[in-house]
Amino acid sequence: MMALCLPSLHLFFYPHPNLRSSYYPYRVPVSSKLRASLITKEEAPEAEEPPLPSSLRALDRKPLSAHEGTLTPRSVDFNAWYLDVIARAELADYGPVRGTMVIRPYGYAIWEAIQDYLNAKFKETGHSNMYFPQFIPYSFIEKEASHVEGFSPELAVVTIGGGKELEEKLVVRPTSETIVNHMFTQWIQSYRDLPMMINQWANVTRWEMRTKPFIRTLEFLWQEGHTAHATAEEAEKEALLMIDVYKKFAYEQAAIPVIAGRKSKAETFAGASCTYTIEAMMGDRKALQAGTSHNLGQNFSRAFETQFTDENGQRQHVWQTSWAISTRFIGGIILTHGDDAGLMLPPRLAPVQVVIVPIWKKDDEKIGVLSTAVTVEQTLKSADIRVKIDGSEQRTPGWKFNFWELKGVPVRIEIGPREVADGSVVVSRRDVPGKLGKDFGICMEPSMLINHVKSRLEDVQASLLRSATLFRDRNIVDVRSYEELKEAISQGKWARGPWSASLCLVDDSQRR
């Protein structure tokens, strides 16, 4: 039987397979006939993904500490610009093992903001946090055929422990469906135990050959939710609910206008019946898979014999879902909103929403300016605004302006002797450069100042979403023929058109 997975689905074709794979390791979901028609005579039918250009291979090896000085313009080298921003905004650095990264405090604070929002949403929707071991018996991975086939190339396997060869190889967690099912089998006995809905915040290891900070690394941080249900309908409802939670997070918190839809069979998660995704257009028009929600059907419950006794006393296999968002989203924020001045953070996720820069020339001005800055800081903190004073004397005000713009702080407040005398401040927006983005003579009276700053933060949040949406929509072309498709691809745009696989086929054997 057939059912629509979503009311309206289109397939987006991306300019070139390597554009998409440079962000994540999935190929464009095109039919075999269409794919064959896109391959030129010079390409081998079974060819692997095209290698990265030598310039990008060199960038992948260059330590981030080398990305100092002036930022590479985005129009000159987008990848170099991305690495420059990560280094100079102090978001992350390379780890000693190739393909790993060290997330620095500023970068981790963004991840904490993501966690805070999602954690609250997960609990609101009835999920509880817990934790599973990162070592998984290899035999667990082998139980679900498509799962082991999909993940084998990326597995990190432990064969020695305590100086001795292990009786059974252990896999370092690539994802947790197998170990979760092993435990669910012990915890679920009756329909009264359902639904079981859990989430864990954890690290994951996948042995990627091409890595890029935040976008794709050997180890990354994520949350992974796992649920078990009594019926197929409940599992499908859960899978759609969680992709909607991710979509709302992307729009409302990250100001990224993602497109939600269902993946092709070729790109469905290994072991899932159906995978829903949110896809985002980056500043170079490449696609980023920003979050996924999988309807696992009964694939894992049958492999692990995860069963329950229903209300009629019959033994049934549970229906399951899993869903995840990772630190890749930080890379998505950089690539969506950043400009030639550096990072540009949506205020709702910014570790520092407002930076105060005191300005003085003479020693007798210093005490008054700093004292006023502290008063403004305390006023904003009382309204739960994340604020920081940069009172360092080693750098000029101009250097500080550039530095905090580079770090993407949404609002800057400038206080000098004139402002102290007038009882006012200057408020500058990160997203509008120059005088156009400045508000002069803003009263320091607490309620007026708080209202003005909060208003500007909301303006910046809305402006980032509006700009990203306009950029996305300008670069999507509706196509109705193969010739129009080729033309859109040649222009480096996304193409939207009918997809013959837009109906979700449901195996009748997996329906009650």
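The entries below go from the whole chain down to single residues.

**Ground rules.** This is a predicted model, where local features need pLDDT of at least 70, side-chain atom pairs count only at pLDDT 80 or more, and totals for chains, interfaces and linings use all residues. Residues are numbered from 1 along each chain as its sequence is written, and side-chain values use heavy atoms, with hydrogens and water left out.

**Overall build.** I get 16 helices and 24 strands for the protein; these are DSSP runs numbered from the N terminus, helices being H or I with at least four residues and strands E with at least two. Of the 512 residues, 54% are buried, meaning under 20% relative accessible area with a 1.4 Å probe, protein chains only. I then looked at contacts (heavy atoms within 4.5 Å): among those with a separation of 6 or more, 69% join residues 24 or more positions apart.

**Strand 10.** I picked strand 10, residues 219-229, and asked how enclosed it is. Because 9 of its 11 residues are buried, strand 10 is largely enclosed by the rest of the structure. Next I checked its pairing, which takes at least two DSSP bridges between two strands. Strand 10 runs antiparallel to strand 9 (residues 196-205) over 10 bridges, and A228 of strand 10 is the bridge partner of M196. Strand 10 also pairs with strand 16 (residues 319-326), again antiparallel, over 8 bridges. There, T227 has T321 in strand 16 as its bridge partner.

**T327.** Is T327 buried or exposed? It counts as buried because its relative accessibility is 0%. I find T327 in the loop between strand 16 and helix 11 (328-337). Leaving out residues up to four places away in sequence, T327 touches M101, I103, W111, F214, F220 and L221.

**Cavities.** My search of the whole structure turned up 2 cavities of 30 Å³ or more. A cavity here is a set of points on a 1 Å grid over the protein atoms alone where a 1.4 Å probe fits but cannot get out, and lining residues have an atom within 4 Å of a point. Points are joined across faces, edges and corners, and a volume is the space filled by probe spheres set on them. I noted about 50 Å³ for the second largest cavity. Its lining includes I256, P257, T336 and R472. Helix 15 gives the most to that lining, with 3 residues.

Definitions and conventions:
On a 1 Å grid over the protein atoms alone, a cavity is a set of points where a 1.4 Å probe fits but cannot get out, and a pocket is an open set with protein on both sides within 12 Å along at least five of seven lines; lining residues have an atom within 4 Å of a point. Buried means under 20% relative accessible area, exposed over 50%, partly exposed in between (1.4 Å probe, protein chains only).
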